[in-house]
Structures are given as structure tokens and as C-alpha cells.
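I opened the model to look up its charged side chains. My notes are below the structure.

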Amino acid sequence: MKSIGIIGCGRIAQVRHIPEYADHRDARLYAFYDLNPERARELAGTYGGRVYETYEELLEDEKIDAVSICVPNEFHAKISIAALKAGKDVLCEKPMAVTLEECRQMAEAAEETGKCLMIGQNQRLAKGHALARKLIERGDIGKVITFKTTFGHGGPETWSIDPGSNTWFFDKKKAAMGAMADLGIHKTDLIQYLMGEHVAETTAVITTLDKKDGSGNLIGVDDNAICIYKMESGAVGTMTASWTYYGQEDNSTILYGSKGIMRIYEDPEYCIKIIKPDNEVILYNVDQIQTNDKQTKSGVIDAFMDCIVHGKEAQLSGKSVLSAMEAVFASIESAKTGKTIKIG
């Protein structure tokens, strides 16, 4: 049985991390910390466990084996590195950190301490995506030539624990990035996972088009990111992340191969649809993607517990996420300079 500490008791902790730990036979919710002490006390009252006045105090407790870090983006690296050095295994929410150097420091700290560092890149764990990777590897659509991967919804205003136009997601200091950090990192990581290769270069527009803060001014972070990615194999495609899809959420990926087209999470009934050149259609129905309005088990906690209890290789290790973060920061540079940026 592993004793778990929760650092940051906001929405992502409440709907994903905490319930999934509570449902796991090898996890015991032991500690809670939040800048809002009452929020931490309420959760401790519901699930059991202690409340700590600071995250430093929580990390000093030797009875705690592992922590989930669910705080605003600017604190990810600082707290993750402190937790690793305190001997804790760490599950950190995405984005990994707000600079590439911080991301590398996190991965280095995990290697130096020998502790598990996982990042909440849950798209890899969706059953449809795992199946799609196998079908692509098997050659069911041949060589991938082009692709488009999209993640868009109406924004985090109703998702945040403190809803409205003053949410921390819109705060440049706390969030650093907007839709790119919230959604774009998911689909960047995913396209690399599906194709089994890295983004080699990027040409990006990352901008703020519509979202406004409480004063009626455009928010300080991006609400749209549109990137043209060239992969190591030469395949070219688009990655779109948006907070201005004011309607049905879109979390789809389409790959155009030399032997057919694969559409993933585009159909409400079938998670994968393959269309062959002779118009033969092959359908797969293993699950449907979770949305903000329809939360399902992410699989991240199970993967984390497998790592820290059974010593299994971390599926979502910090080291494995570095290449996706490189593509994200290269895209930001591209958007600023108006140039195509080569990676690596």
C-alpha cells in the first residue's frame, strides 16, 4: 500500500487523480495541500488523510511515498524536483514545465534520484489510440503521408475550479501558455506516439483571437495554436489546439496513408474508421474518448501505480515527454519569429 500526497486540490485533482487513487487497491490517500486550505480540508474529510500548511511540509513527511502535482504550470518543475529529491515518486500534470530547461531538469532529477516521474499525457492511454498505433505499425494504412490532429473545445472557464474569465489558465505568469499547453501538448505527444517518430520541424501560428479576461481585454495567453509539423519520416500534417470551439468538442486525428485513411475518434459510434482505396470500410469500437463533460477513467493513475508498486517501466515518463515539449517550444519560437524551426 502506497501513501499518496495531493499537491493542488483543484478540478483536475478532484475529477481524475483523487477518485482514481481512491479506487486503486494499492493506493491510500494520505495527504492534501492547496493554497486554499478549506478546499484541502474538505477533501481530507471526504477521503481521509492529513492537511498540510505548505507543500514543503508535506514533502518532509517520510510516510508519504508518492505525490500528484496538480498546481498551475509555473510551479510544475519547482515542486516536482523538490519532491523527487525528497524521495517521492512523482506524477505531474501536463504541461511538463514552462521552459525546456525546466523539463530537462525534471528528467535529470528523476534519473539522479532513481524515482518515477510521470507526466499526465493521458491521450496515449486511450484504448482507441493504443489500437490505432498497433494498426499503423502493422501497416493497415501503409506509409503515413499526411495527417491532421485536433483538440478543441470552448475553453477552461467552466472547467477550472475557479470558473469564469479570471481563471488561472488565462494568467500569463501562472500558465505561461494557453491552448498550446492545455491541449496542444496532448496532440503533439499523441502524433509522435501514433507514428512512432518525432516532430523534426514546425511552422506555427500561436495567437489570441477571441478569449477575454474579466476586464474585457484579450487574455495574455494563446487561445489558438495551429502548427504544421514535419515528422522525421517526411510526413507532414497539422496540429490544431483551440479554446474557441464553441460547440461540440473535437478530439480527432486523421492519418492519410499510402494504403488508406484512418479516422480516430471522429465518429460518435466507432473510435476508429479505416477507409481503403476500394471504399472498403473497417470499423473498430473499443471505447469513446473522454470529454470535459463526460469524464471516464484516464488510466494514468493505474500506470503510475504499476510503476511505483510493481516496478514497471513508466509509460508516460518525463524523459519520454521531452521530445513533445521540444516541439511545443519550437512552435512558440516559430510563432514569434515567423520562421520554420528545425528541432534537435
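The model is predicted, so I kept to its limits: local features need pLDDT of at least 70, side-chain atom pairs count only at pLDDT 80 or more, and totals for chains, interfaces and linings use all residues. Residues are numbered from 1 along each chain as its sequence is written, and side-chain values use heavy atoms, with hydrogens and water left out.

Entry 1, salt bridges. I took a salt bridge as a side-chain nitrogen of Lys or Arg within 4 Å of a carboxyl oxygen of Asp or Glu. I found 14 salt bridges in the structure.

Lys94 sits in the loop between β5 (89-92) and α5 (100-113) and Asp182 in helix α8 (residues 179-195), so the pair ties together parts 88 residues apart in sequence. Both Lys94 and Asp182 are buried (under 20% relative accessible area; exposed is over 50%, partly exposed in between, with a 1.4 Å probe and protein chains only).

Glu266 is partly exposed at 40% relative accessibility, and Arg263 is partly exposed at 24%.

Glu53, Glu56, Glu57 and Glu60 form a patch of negative charge on the surface. Patch residues have over 30% relative accessible area and no salt bridge, with like charges joined within 9 Å. I placed Glu56 in helix α3 (residues 55-60), and Glu56 is partly exposed at 39% relative accessibility.

Note on methods
Patches are made of residues with over 30% relative accessible area and no salt bridge: like charges are joined within 9 Å, nonpolar side chains (Val, Leu, Ile, Met, Phe, Trp, Tyr) within 5 Å. Accessible areas come from the Shrake-Rupley method with a 1.4 Å probe; for residues, only the protein chains shown count as cover. Lys and Arg count as positive and Asp and Glu as negative; His and the chain ends are not counted. The place of a charge is taken as NZ of Lys, CZ of Arg, CG of Asp or CD of Glu. Helices (H or I, at least four residues) and strands (E, at least two) are DSSP runs, numbered from the N terminus.
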